[in-house]
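Here is a briefing on selected local features of one chain. Keep the structure open while you read.

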Amino acid sequence: MARLKVGVLISGRGSNLQALIDACAAPDYPAAIVVVLSNRADALGIERARRAGLKATVIPHRDFAERHGFEVALDRALREAGAEFVCNAGFLRILTPWFVERWRDRQINIHPSLLPAFPGLHTHERALAAGVRFSGCTVHFVRPQMDEGPIIAQAAVPVLAGDDAETLAARILAAEHRLFPLALRLVAEGRAKVVGDRVMIAGGNAPTAAVLNPSA
Ligand code: GRF
């Protein structure tokens with residue numbers, strides 16, 4: 001089985017990177033991480049990558065006067081490592097259309113809300129303020145507009161009475177760790193394809209029943 005060669009972009013903790021590392025450890029997983037790139041030297045994810053024996057490189061965005069130079073360096077590092085696909089796993093730099101177009105339909109991002117609700121920062125605070133009964137996470141193909149792009153998969157989690165941003169974030173993060181490897185699998189197996197502005201999934205199982213919150 002030829003595995004899809006993936007580069008992972010991170011900026012911090014790297015718990016989603018860890019979920020991908022763990023998924024890739026399964027012999028039948030259709031993707032393999034060939035490089036991890038961080039724009040921050042203090043990203044905990046760098047440690048996780050090295051512990052897993054992966055090539056991990058820091059490319060500090062501050063070393064470059066312009067965004068374009070930083071992105072050229074990212075792009076070069078990805079190509080030198082043989083990456084065919086890019087996963088943004090908590091990567092906190094905005095990418096310009098130049099980079100996004102170079103990796104069009106070959107780059108995915110995870111965002112901690114049910115997009116298109118609550119793009120951008122402080123998603124959990126905003127979800128709580130809006131009083132939604134469900135939030136969740138989304139894996140989508142990257143487009144020049146931040147947190148926009150064809151949606152591959154979503155996980156919904158209930159918002160519970162008494163939640164604060166921290167408890168909601170933790171519940172969603174646990175779902176992220178399941179969703180990101182699943183979405184990458186669908187893409188790597190060729191089952192998730194961009195058609196127009198949407199993603200068509202071949203042979204996906206979906207829940208059939210509504211989930212109510214509150215349920216009584
Ligand atoms: C996650 O919540 C992800 O959805 C968002 O940034 C956070 C990164 O967490 N884009 P980690 O670095 O993967 O632990």
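Predicted model: local features only at pLDDT ≥ 70, side-chain atom pairs only at ≥ 80, totals over all residues.

Asp 147 is buried, because its relative accessible area is 13% and the cut-off for buried is under 20%. The residue lies in the loop between β6 (134–141) and β7.

**Backbone exceptions**

- Most residues other than glycine have a negative phi, and most peptide bonds are trans.
- Asp 105 also has a positive phi, near 65°, and is not a glycine.
- Asp 105 sits in the loop between α4 (97–102) and β5.
- Asp 105 is partly exposed, because its relative accessible area is 31%.
- Gly 53 follows α2 and has a positive phi, near 80°.
- The bond from Leu 115 to Pro 116 is a cis peptide, with omega near 10°.
- Pro 116 belongs to the loop between β5 (107–111) and α5 (123–130).
- A cis peptide bond also runs from Asn 213 to Pro 214, with omega near 0°.
- Pro 214 falls in the segment after β9 (198–201).

**Helix α1 against helix α2**

- Helix α1 covers residues 15–24 and helix α2 covers residues 44–51.
- They pack at an angle of about 15°, and their axes are 9 Å apart.
- α1 and α2 are therefore roughly parallel to each other, since angles under 35 degrees count as such.
- Their crossing is right-handed.
- From α1, the contact uses Ser 15, Leu 17, Gln 18 and Ile 21. From α2, it uses Gly 45, Arg 48 and Ala 49.
- By type, the residues of this contact are three nonpolar, three polar and one charged.

**The buried face of α2**

- Which residues of α2 are buried? They are Gly 45, Ile 46, Arg 48 and Ala 49.
- Seen down the axis of α2, these buried residues fall within an arc of 160°, so they line one face of the helix.
- An α-helix has 3.6 residues a turn, so residues three or four places apart point the same way.
- The buried residues of α2 pack against β1 (4–10), α1, β2 (31–38) and β3 (56–58).

**Helix α1 against helix α6**

- Helix α6 spans residues 165–188. α1 packs with α6 at an angle of about 45°, with axes 9 Å apart.
- That makes α1 and α6 oblique to each other.
- α1 crosses α6 in a right-handed sense.
- α1 gives Ser 15, Asn 16, Ala 19, Leu 20 and Ala 23 to the contact. α6 gives Leu 173, Glu 176, His 177, Phe 180, Pro 181 and Leu 184.
- Of these contact residues, seven are nonpolar, three polar and one charged.

**Single residues and their neighbours**

Neighbours up to four places away in sequence are not counted for Phe 85, Ile 151 or His 61.

- Phe 85 is in strand β4 (residues 85–88).
- Is Phe 85 buried or exposed? Phe 85 is buried, at a relative accessible area of 3%.
- Phe 85 touches a list of residues that includes Leu 4, Val 6, Trp 103, Phe 141 and Val 187.
- Asp 105 and Leu 184 are among the residues that Phe 85 touches.
- Phe 85 and Leu 168 are 83 residues apart in sequence, and their C-alpha atoms are 30 Å apart.
- Ile 151 is in strand β7 (residues 151–158).
- Ile 151 counts as partly exposed, at 33% relative accessibility.
- Ile 151 touches Leu 115, Thr 138, Val 139, His 140 and Val 199.
- Ile 151 and Ile 21 are 130 residues apart along the chain, with 22 Å between their C-alpha atoms.
- His 61 is in the loop between β3 and α3 (67–80).
- His 61 counts as buried, at 15% relative accessibility.
- What does His 61 touch? Its contacts are Asn 39, Phe 70 and Arg 93.

Terms used
Residues numbered from 1 in each chain as written. Heavy atoms only, no water. Axes fitted to C-alpha atoms, helices over the stretch in contact; angles between N-to-C directions. Helix = DSSP H or I, 4+ residues; strand = E, 2+ residues; numbered from the N terminus. Parallel < 35°, antiparallel > 145°, perpendicular 65-115°, else oblique. Left-handed = near helix turned anticlockwise from the far one by under 90°. Contact = heavy atoms within 4.5 Å. Nonpolar A, V, L, I, M, F, W, Y, C, P; charged D, E, K, R; others polar. Buried < 20%, exposed > 50% of the residue type's maximum accessible area, 1.4 Å probe, protein only. Arc of directions from axis to C-beta.
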